[in-house]
Amino acid sequence: VLKGQEMITQGKIRRAEKEIDGLAMAVHTYRDRYRALPGDDAQASGRWTGSGIGNADNQIGGAFNSSTSTDESRLLWQQLRHAGLLAGDKSSTVQASNTVGGQLGIQANITNGTNILLSGPVVCSTNLPANIANAIDAQQDDGTPGSGSLRAFQQTASNTPDFSSLPTAYTDNDTIQYTLCKRI
């Protein structure tokens with residue numbers, strides 16, 4: 001039973017890593033192809049009927065977990081789908097879900113209100129248990145939640161990271177969830 005649980009956890013770790021890396025790759029491909037960041041692309045409506053447009057300031061405006069469909073962080077999903085870089089409803093601006101039922105998203109920078117903690121664009125994945133977040137951090141960065149190009153933030157609620165403080169270690173108590181954010 002324990003071996004089976006470990007295999008399931010390892011599968012979730014691999015899928016979560018692929019989701020983060022796949023979204024980052026889609027953004028890079030879009031930028032190479034259209035010379036604009038997805039979501040921020042002011043020419044998108046000329047390419048695809050019904051696509052929202054950004055302000056072309058070379059930043060993805062709005063929070064990665066925004067619920068406002070006109071935010072660039074939400075338009076990003078529509079534009080990536082129109083470009084054929086992500087699967088899904090091309091008319092939708094809804095963010096994708098990750099392997100544990102959290103949200104994936106991208107925004108310009110991660111700040112604590114005063115300082116920039118990660119300059120963007122930054123991809124984030126929410127609702128990750130400590131064992132999954134810790135494994136991804138160890139494999140893709142330095143294994144420390146508060147440093148490197150990948151940062152972990154404890155969540156105050158589902159899909160809601162607390163950017164005001166950086167944890168110094170992962171707490172694996174089956175209740176704390178983490179949001180991982182990675183500079184792309």
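At what angle do helix α1 and helix α3 pack, and how far apart are their axes? In this predicted model, helix α1, which covers residues 2-34, packs with helix α3, residues 72-82, at an angle of about 70°, and their axes lie 11 Å apart. Angles of 65 to 115 degrees count as roughly perpendicular, and α1 and α3 are therefore roughly perpendicular to each other. The contact brings Leu 23, Ala 26, Val 27 and Tyr 30 of α1 against Leu 76, Trp 77, Gln 79 and Leu 80 of α3.

On the α1 side the contact is made by Thr 9, Lys 12, Ile 13, Ala 16, Glu 17 and Asp 21, which meet Asn 131, Ile 132, Ala 135, Ile 136, Gln 139 and Gln 140 of α4. The residues of the contact of α1 with α4 divide into 5 nonpolar, 4 polar and 3 charged.

Helix α4 itself spans residues 130-140, and its buried residues are Ala 130, Ile 132, Ala 133, Ala 135, Ile 136 and Asp 137. What do these buried residues of α4 pack against? Their partners are helix α1 together with the strands β4 (122-129), β5 (150-157) and β7 (177-183).

Key: Residues are numbered from 1 along each chain as its sequence is written. This is a predicted model: local features need pLDDT of at least 70, side-chain atom pairs count only at pLDDT 80 or more; totals for chains, interfaces and linings use all residues. Side-chain values use heavy atoms; hydrogens and water are left out. Axes are lines fitted to C-alpha atoms, for helices over the stretch in contact, and angles run from 0 to 180 degrees between N-to-C directions. Helices (H or I, at least four residues) and strands (E, at least two) are DSSP runs, numbered from the N terminus. Angles under 35 degrees count as roughly parallel, over 145 as roughly antiparallel, 65 to 115 as roughly perpendicular and the rest as oblique. Contact means heavy atoms within 4.5 Å. Buried means under 20% relative accessible area, exposed over 50%, partly exposed in between (1.4 Å probe, protein chains only). Ala, Val, Leu, Ile, Met, Phe, Trp, Tyr, Cys and Pro count as nonpolar, Asp, Glu, Lys and Arg as charged, and the others, Gly among them, as polar.
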